[in-house]
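Here are a few exercises to work through with the model open beside you. Try each task before reading its solution.

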Amino acid sequence: MSGCNAQAIIDAQLDLTIEQVRERMQPYTARVAELQRRYAMKRGVLLQALWLIQEEFGWVPRIGIKWAAEVSDVSPVHAYGVAEFYTMYRKAPMGRFLIQVCEGMCCQLKGANDLIAHLEQALGIHAGDTTEDGLFTVLRVQCLAACGNGPSVLINDEFLYGPGELNEHQEGWSPSAADLDRWIERLRKEAEAKPQPDKVDSLGDIMLDTKGHPGSDGASGAPLPKDYAPPPPALKVKAESQGSAITVSCLCAPEITEASVERSTDGGTTWAAIGTIDVVKTPGVPGPPGGPKTPSYTDEIAVGSTAAYRIVAREAEREARPSAVAEVTAAAVSDDGEEGGKA
Amino acid sequence: MTAACTVLSDLFAVENGHTLEVARKHGAYETVGPMLFDKSQFELIEWVLDSGLRGRGGAGFPTGLKWRTVPRKMGKPVYLVINADEGEPGTFKDRFCMEKDPHKLIEGMIIAGFALNVRTAYIYVRGEMLPQIRRLNEALKECYAAGLLGENIQGSRYSLDIYVHRGAGAYICGEETALINSLEGYKGQPRLKPPFPTVSGAFANPTCVNNVETIMALPWILKNGPQAYRQWGTERSPGTKLFSISGDIGKPGVYEIPLGMPMLEFFDLAGGVDGELLGCIPGGSSAPVLNKEECETCTMDYEALGALKSMLGSGAVMPFNTTRDPVRILEPIAHFYAHESCGQCTPCREGTGYADRVFQRIVAGEGRAGDVDMFFDLAANFEWTTICPLATADAWAIKSFVSKFREHFDKYIDASSRKADERELADLRPGGFM
Amino acid sequence: MSDEKITITVDGVEHQVTPGVQLIEALKECAVDTPHFCYHPDLSIAGNCRMCLVEAEGPRGPALMISCHMRVMPGLKVNTDASSERVRKARQGVMEFLLVNHPLDCPICDKAGECTLQENYMEAGRHESRLEDAVGKVYKGAPDFRFTDTKGQDRGGKNVDLGDTISLDQERCILCSRCVRFMREVAGDEQLYIAGRGDTAYLTTFPGDKLKHDYDLCTTDICPVGALTGKHFRFQQRVWFLKKTESIAPDDSLGANITVEHNKDRVWRLMPRRNVDVNKSWIHNDTRLLYQGLAENRLTTALVDGSVATLSAGYQAAAAAVKKANKVALVASGHLTLEDNQALVALAEALGDKAEVFGGSWLPVAEGDGIARSGDPVANRRSCELLGIADNLDQLTARSEEFDCLVVMGNDLWGAAAAKAAALESIAARIVLSSWHDDSVAKATVAIGVRCWAEVRGVFINCQDRAQLLNACPVCPAHEMDPPWQALCRLSGLAADRPLPYAGELDALKAAGQRHESLRGLSYRAIGPSGVALVPAAEAAEASA
Ligand SMILES: Cc1cc2nc3c(=O)[nH]c(=O)nc-3n(C[C@H](O)[C@H](O)[C@H](O)COP(=O)(O)O)c2cc1C
Ligand code: SF4
Ligand code: SF4
Ligand code: SF4
Ligand code: FES
């Protein structure tokens, strides 16, 4: 969490009961239900639930943390520990406009410190504090992933990285002190015109009617059928001759249970199964047990003749489409031991 | 940007390229049809392996090899989690990608999801990137409406849901197991390995975590074949990569270039170095800094930078010129790691902050003789002694800066009013703790 | 489980160790002690303190690994601090980091003397410190407890009232997460968490909530530092003065293993003693606090018709009553040792036909908690059963008219169910042997003080049929008091024709062996500190046949 000094945090806590918070969070019911569908366990909702609290209150009061714990099915202290871990949850109220300036290495190179100093002077506060009128808070933050436009500046949740509106990006543009003055002016006017700020959807407008994670509370999503993808054919089929002995090898998926070797002597018009190939896992191949297999099969053909091989793999009952074809001519082993032809 | 090299960036400059309509005009989702559904999972995995695609999140682990270790057929749900927690100082490519071309990411996720038996996928986006989250949600809605997501995608038997998960401010959540913890509703603290997440990750199910950019390369690879991807790059670092360049450079921004490009050539492409080059951080703040000589000889690929005991990392390049003081560049870096330590393990939790305080003292002109060595030694003590590499990254930054730019550090000590302090006495004081 | 050992190499020497265990445990088997904070054999592995680093041979050469997370494999090669400079330096580094932000509290810290941080510092630490005030400390603490000290330093949480039983010092906490894991995994009630991050992380309950659990004091045992301390023990005694006696919890039939810690005739605390098969490392708060009532309200003399008398006068009066009686009911006790009950049964036999033995308890039996309690408060019920003593108190009350003398030993019938026990008040002579002034003593015509569980040696048999040993601590408030079995011997000498032939409790134990196959051959040595599982009767009969 980020925020202010210890006393301010304690002073800020709200005198609300959990029932009152539940009441106040009623408008969020649809989003909460959607979130609860999305994870295998409700616990996954926690970070998002804390966001919703911040959306409603503008910060994360402790009683709100209890609500977040409830909807995420975790203990309150778990939720508290988590809320305290992340810097973006605010421990106490902040100004209406939170100006965050990156103090990372790239932005410092681009004068982030000067820009922050300028802001401090223009607003009459130190970084970390809020102006007396409650309008502006300035924070120094870590890299905002906009280094190309450094010093990176966020106004509330929107990037200032172009001369136009917020979030309008212009390559290589950097905010100057004058740009910030202009924005402060503009935001002040905005506050005058609209005393009550609009709420910004803290989850970025999620879909509300997905079917959810199969099996989760309130979800209707069906699990994947086991065989939605075609069975895997054998890959990288090779046939190599050692004289009349032909070694046919290939790469098989771990799920392959059986593979038969087919041979064609008429250039691939007709195929005959000549045997099955042992698909136990080969040691030395990366991956856990159940990783790919590289089985091989040995055939015998007359020296000088040519044969084509392909492999038809099966995954239980399902037959994969035949592999690519490897052709080989059995070459005589020459005296100097040089090996025969390859596919 | 060179015209020949637009695996990832073809839509970056296209107006409204982030909308489904425009993206489709440029070929988006062409793979989501027979091109994908007629392939077996294994073929897809082997294709990715053959393409040589390596993880773009920092570690550079071959994506196909990682995919191979996912137990797809165990009957447990497999999750695909996209790491969009981009926070490595200097890196801004993923944000850029999500903003300019969210559909390429979604298309890549459909491919990866299909290959890995994924029914539910998440995009974990940094909390600070709300505008990009909005854009992703918008794109997802378009896809659901067009039958590209949800149940029975495009009439196939494959179903996939993608959800965006908003982080809440913690760099360490970029580490894949911390990211999983954060997704699960815990503090973003890295887990002990083994088990590796591909075997037991989110909710104890197999989970494949991939970077945004890694996944965005998939549609192109599926369309053009693995060998075509190898037309760029080197044997062991094939393909193209997005580099975010900032610092003392003419035109900072995101560039897609083939891996293996000489660093100086890349600088020229990006508008040339402002002033005279002094050094460069080649792969985000975690990558040890290079001095000028090293910059002049090195190429932008995993092996060349590894050989210099640095790394390509996330592809965040930050050259700096001779007007800069390396000490002042290291200062925010050391502070960054102290601030972002998750607080789980001792050396990182206490050590990075301690080192930072010693360093602050040096920078403040109150350093004492021996402080620079002590700073270096503290860093050495949290290198490789921790759960995750965050502390090691800090140690690398500190050690590389101190050893390559030692004289700059010593200047601070020389100028210090307290350098003549009775350092020895302080050293000999028995344990201040008993 | 196969007993086959595997070979690993530690510091160049080959050792045989149990397969599949954590390296840190295997190293223990090799007599190598590895300093550690977060590892606890009865909790999940967190691997966060990094103190237990060793150098292990891996695919890419030797690498630093934590020994608590690593499992042993055949052929594993590791180097510890004994042979590796790298390990020494790494551990020293960890120690230094642990102390960087640690307060200088040892002189006022309750954990001093048994603090793992202090111990490891002496062993692995730098004896010369380079920690300097100039760079300051970051003290840990929740916003609610932070304060600024007289030197203007921002401080953390001290003396935090964590709950009814525990006081927390957030500054001293080294964030090992043992207590968090205990509450989550063992207690099953997550009330503690480490909040925040980096060096400002701190241990806390939900702000405003108090830690409250029947086992919460266990967190003070496993806390390696003085962050969590039991209020009951704060500032009571310096731990290095305490002497330790191994014993068994007398308040539950699981028989949690405990250590009685005493000094100067007084028990200062009860601590859990690890037994993987029984209570792991845990004891119930009530068990732990039993010591508080131990010395209170003791019956150290005899009472004859309500007046204080010497013990020997008490024995005389009791013997006279027994002798005079036509029918004596003797009530055994599942709160006393096997030896005591054996003596009772033997006394009944010595008294012949006029004596009858009853047993059982009216205390309600609860559900077990799955941690260190079975729920049955009658800790040694099994001993009585094995000695053939029936659970028949209700018969006794129904037939109370038949008896004119009642001998109750360490079984507070009136305390357990005064209404039921009222029927016994018609028995003219009521002799009660007890350690405390309890309700039964109040109803006795003759009461005799005896030693209590902490002051005797003897066997308890727990609900898993495991024989476990209580040992005597030298804390008895009156040295002339007897253990119950001996009191019965004395009584039988005075009241029966055949005095019991027990010179010591071992004789009683041997005699008990004659009564049940499963008890045969038991000896204190065989039981040892961790107890033995009894051989089921059928098997025992087979073996001896
Ligand atoms: C401290 C730390 C921070 C990281 N931050 C990021 C990050 O911001 N984005 C990212 O994609 N990967 C990050 N990683 C790398 C991830 O752990 C992981 O390797 C990556 O997400 C895997 O995806 P890839 O194989 O596609 O690269 C980080 C790693 C560490 C140790
Ligand atoms: S190295 Fe740092 S960030 Fe990583 S687990 Fe340890 S404390 Fe957390
Ligand atoms: S916890 Fe240990 S090291 Fe710390 S003050 Fe107490 S005794 Fe000393
Ligand atoms: S209070 Fe003790 S047990 Fe709990 S985390 Fe701190 S040091 Fe560990
Ligand atoms: S005991 Fe191994 S890391 Fe703490």
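Helices (H or I, at least four residues) and strands (E, at least two) are DSSP runs, numbered from the N terminus. The model is predicted: local features need pLDDT of at least 70, side-chain atom pairs count only at pLDDT 80 or more, and totals for chains, interfaces and linings use all residues. Residues are numbered from 1 along each chain as its sequence is written, chains are lettered from A and ligands numbered from 1 in the order in which they are written, and side-chain values use heavy atoms, without hydrogens and water.

**Exercise 1.** Find where C:Lys264 and C:Ala31 lie, and describe their phi angles and exposure.

*Solution.* Start with the loop between β14 (257–263) and β15 (266–272) of chain C, where C:Lys264 is found. C:Lys264 is not a glycine, yet has a positive phi of about 50°. Its relative accessible area is 73%, so C:Lys264 is exposed (buried means under 20%, exposed over 50%, partly exposed in between; 1.4 Å probe, protein chains only). Next, go to the loop between α1 (23–29) and β3 (53–58) of chain C, which holds C:Ala31. Here phi is near 65°, again positive in a residue other than glycine, and C:Ala31 is exposed at 70% relative accessibility. For background, most residues other than glycine have a negative phi, and most peptide bonds are trans.

**Exercise 2.** Locate the cis peptide bonds at B:Pro194 and B:Pro195.

*Solution.* First take the bond from B:Lys193 to B:Pro194, which is cis with omega near -5°. Then step on to the bond joining B:Pro194 and B:Pro195, also cis, with omega about 0°.

**Exercise 3.** Describe the overall form of chain A.

*Solution.* Begin with the secondary structure: chain A has nine helices and 12 strands. Its radius of gyration is 33 Å, well over the 20 Å that the globule rule gives for 343 residues, so chain A is more spread out than a compact globule (the radius is taken over C-alpha atoms; the rule is 2.2 Å times the number of residues to the power 0.38). Then check the extents: the C-alpha trace spans about 95 × 50 × 35 Å along its principal axes. Last, consider burial: 52% of the 343 residues count as buried.
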